[in-house]
Amino acid sequence: MHWGRVWWTALALALLAVGAVRAAGWLFALCVVGAGVAGSLAVVGRRSVYGAWYDVIAVPIESIAGIPWVYSAFGRIGDGPARRSWRAGMSVAVTLALLAVFVPLLGGADATFAKLLDAVTPEIDAPSVVRWIVLFAALGLGSVGAMYLLAGPRAAATGAPSGRGLRRLEWALPVGALTILFAIFVAAQFVALFGGDDYVQRTANLTYAEYARSGFWQLSIVTILTLAVIAVVLRWAARESAADRAWLRILLCAISALTLIIVASALGRMWTYQQAYGFTVMRLLVEVCELWLGLVYLLMIAAVLRLDGTWLPRAAIGTAMSTLFALAVLNPEGLVAERNVDRWEHGKNLDTLYLGRLSPDIVPAVERLPEPQRSQVLSTIRFDLDEDTWQGWNLSRANAR
């Protein structure tokens, strides 16, 4: 048994199950995308020679190639029971298609016949029918792609990639310069951290909260770009001699460690800003992304020490999907509401209009509010809540009613 398949399958099912518990539509949409990625990796199994970018979208890609494969398989069916079942199924499909065309035409031609049809025909919601047809088609194509991949598995990737062309001076000079730059920046960060609000106001003419907000996005971009630089060097740097390997480990680990401090600085800035101006879902999401980047840097350090990054893409994807599932378990909108209520209890402003735009996931946190704030938020949330159908039942919406 390939335990990787079991892990990716379990993760895909766990992400899909979020829709039955959390009511936030954006969260479930992210979980569905994550489940698709995890499901594709489960079908592919071991890392293929085509790389991680192919592995995460292998099922939708191969669903197109799988259509002629399925068609040729039906063409090879003989005259036995399987052939007869196929022909009977086609006959049923043609019958339904003909009835779908002729019944409405005849109903429009005669009022008496139309009244008879109304009595025996269930009411059909056209948007719902279209939605189910699209879903059925997408799942059908995905199933074809998965079966095609399982029937003819792609060759597994073996060994480290070849063609390492960067000599030590070519990569060490830019990486060394970035390392020195990051070291100076980190030192300045510690000065600002221990200097506090007074120091920042004297040097930058900003409050500490404004200072925190002004630098978060720049630091986030720096961490992402640095990750790309490290990945390129790890992939292409020569490592024939012991000196090459030592320099590679020392410099890449140094810049990774400094970037981890920058990640911590970005997180601290966002936390300070939220304490001053309030918590939102977007601010929470960027914090979670920064936490995931910090985890990726830890994986990168492990890859640098081993001088082998072939396993890193799948590990990064796995940690991303796991982080998404952990976020769903924590209930992000409920967490945002909890923190904002905490701020309100300590004398800060509360944006009830913003809370009212969130999903029923926040109802337990809002119950802590006194009147009239409690009713203002809950009435807005419950205004558009309809009864769930059996296939769309959700725990948070049920509790909110």
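Reader: How does Trp271 count, as buried, partly exposed or exposed, and what is its relative accessible area?

Author: Trp271 is partly exposed, at a relative accessible area of 41%; buried here means under 20%, exposed over 50%, and partly exposed in between, with a 1.4 Å probe and protein chains only. The model is a predicted one, in which local features need pLDDT of at least 70 and side-chain atom pairs count only at pLDDT 80 or more, while totals for chains, interfaces and linings use all residues. Residues are numbered from 1 along each chain as its sequence is written, and side-chain values use heavy atoms, leaving out hydrogens and water.

Reader: How many aromatic pairs are there?

Author: Rings of Phe, Tyr and Trp (its six-membered ring) pair if their centres lie within 6.5 Å, and planes under 30 degrees apart count as stacked, over 60 as edge-to-face and the rest as tilted. By this rule there are two aromatic pairs. In one of them, Trp7 and Trp8 have ring centres 6.3 Å apart and planes at 55 degrees, so this pair is tilted. Trp7 is partly exposed at 43%, whereas Trp8 is buried at 5%. The rings of Trp271 and Phe279 have centres 5.4 Å apart and planes at 75 degrees, and the pair is therefore edge-to-face. Of these two residues, Phe279 counts as buried at 6% relative accessibility, whereas Trp271, as said above, is partly exposed.

Reader: At what angle do the axes of helix α10 and helix α11 cross?

Author: Two packed helices are described by the angle between their axes and the distance between the axes. Helices (H or I, at least four residues) and strands (E, at least two) are DSSP runs, numbered from the N terminus. Axes are lines fitted to C-alpha atoms, for helices over the stretch in contact, with angles from 0 to 180 degrees between N-to-C directions. Helix α10 (residues 242-277) and helix α11 (residues 281-306) have axes that come within 10 Å and cross at roughly 165 degrees. The two helices are therefore roughly antiparallel to each other, given that angles over 145 count as roughly antiparallel, under 35 as roughly parallel, 65 to 115 as roughly perpendicular and the rest as oblique.

Reader: Which residue classes make up the contact of α10 with α11?

Author: The contact of α10 with α11 divides into 21 nonpolar, four polar and four charged residues, where Ala, Val, Leu, Ile, Met, Phe, Trp, Tyr, Cys and Pro count as nonpolar, Asp, Glu, Lys and Arg as charged, and the others, Gly among them, as polar.

Reader: How many salt bridges does a search of the whole structure find?

Author: Side chains of opposite charge can pair when their charged atoms come close. The search finds nine salt bridges, each a side-chain nitrogen of Lys or Arg within 4 Å of a carboxyl oxygen of Asp or Glu. One of them joins Arg368 to Asp342 at 2.7 Å, N to O. That pair links distant parts of the chain, with Arg368 in the loop between α15 (363-366) and α16 (373-383) and Asp342 in helix α13 (residues 332-345), 26 residues apart. Arg368 is partly exposed, at 33%. A salt bridge also brings together the side chains of Glu345 and Arg368 (3.0 Å, N to O), with Glu345 in helix α13 and 23 residues from Arg368. Through shared partners, salt bridges join Glu338, Arg339, Asp342, Glu345 and Arg368 into one network.
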